[in-house]
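Here's a quick briefing to read with the model open.

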Amino acid sequence: MSKPQISVLILTLNEEINIVDCINSVKWADDVVVLDSFSSDKTVELARTAGASVVQRKFDNWASHQNWALANINFKYDWIFYIDADERCDQQLCDELVSFDTANSPYAMLYMRRKDYFLERWLKHAQIYPVWQPRLFRRDKVRYERPVNPVEIVDGDTSRLTGHFIHYPFSHGIASWINRHNNYSDFEAAEKLRIRKLSWKEVLFDKNAVRRNKLKHIVYRLPLRPLIMYCYLVLLRLAFLDGAPGMKFVSLRVMYERLIDIKYAELKRKETAKPEC
């Protein structure tokens, strides 16, 4: 069977623990490109050995990094499948990608679902599932905005695939997850302070990515938001059905939400404080 006309993009920084398994999960592609941010471990060596080509660029922020990749990497094909090193294609998704007709598709981007794993358990209930992620797209129809958790701006229609990609967010350990989300909370708190007015027109009628981003900022303004998140995950989504991993993840998620609120309060207090004489 011929290979699909789809290039694969993988972003890495010190991912020697993940990169080989990630590349092996996209063996259906004959053009796999790793954009590495000058890893200090064996990521580059392992990626090349596994059959990928490697381009290196210093990381600045997610949106500009991904936009640079689409504008400057010499991909073999116009269609790009983006996947992180700690993610894998499941078999159903692989089959869909192999059979995808890039030449006749009327869409600019396709979304697919993600399964998050923690302590070897799929967090079916403790996460907000299904989470639809934009991962297959025409490179000339997409750009990204927002330095953290970037938002896709798509020029054209979108659709969905039914397969999943598998995500292992704790593959580097719980401490790494906490450090990463501590940094994310800095940005989210600053964004909450920066965005003072929200357009209900954008929330109700704009494209999916913009609407999701605006809805998130509305949620960030709810009182007792960390408690609401806890009740939502435990009482409505029944996180305890995911066992101990599910409840442990809920604790981590609530901690992250609380960090955003605490840091936002600190930024707001600094902004309104009168300078000392």
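At roughly what angle do the axes of helix 5 and helix 9 cross? The answer is roughly 40°, with the axes coming within 8 Å. This is a predicted model, where local features need pLDDT of at least 70, side-chain atom pairs count only at pLDDT 80 or more, and totals for chains, interfaces and linings use all residues. Numbering starts from 1 along each chain as its sequence is written, and side-chain values use heavy atoms, leaving out hydrogens and water.

**Helix 5 and helix 9**
- The pair is residues 174–194 (helix 5) and residues 243–272 (helix 9), with axes fitted to C-alpha atoms over the stretch in contact.
- The crossing is right-handed (the near helix is turned clockwise from the far one by less than a right angle).
- By class, the contact of helix 5 with helix 9 has 14 nonpolar, three polar and eight charged residues.

**Helix 3 and Gln66**
- Gln66 sits in helix 3, residues 62–72, and is buried (under 20% relative accessible area, 1.4 Å probe, protein chains only) at 6%.
- Leaving aside residues up to four places away in sequence, Gln66 touches (heavy atoms within 4.5 Å) Leu11, Tyr82, Tyr144 and Pro150.
- The buried residues of helix 3 include Ala63, His65, Ala69 and Leu70.
- Their cover includes strand 1 (6–12), strand 4 (79–84) and strand 9 (142–145).
- At the start of helix 3, a side-chain oxygen of Asn61 comes to within 3.1 Å of the backbone nitrogen of Ala63.

Technical notes: Helix = DSSP H or I, 4+ residues; strand = E, 2+ residues; numbered from the N terminus. Buried < 20%, exposed > 50% of the residue type's maximum accessible area, 1.4 Å probe, protein only. Polar contact = N/O pair within 3.5 Å; in protein donor to acceptor, adjacent residues only side chain to side chain. Axes fitted to C-alpha atoms, helices over the stretch in contact; angles between N-to-C directions. Nonpolar A, V, L, I, M, F, W, Y, C, P; charged D, E, K, R; others polar.
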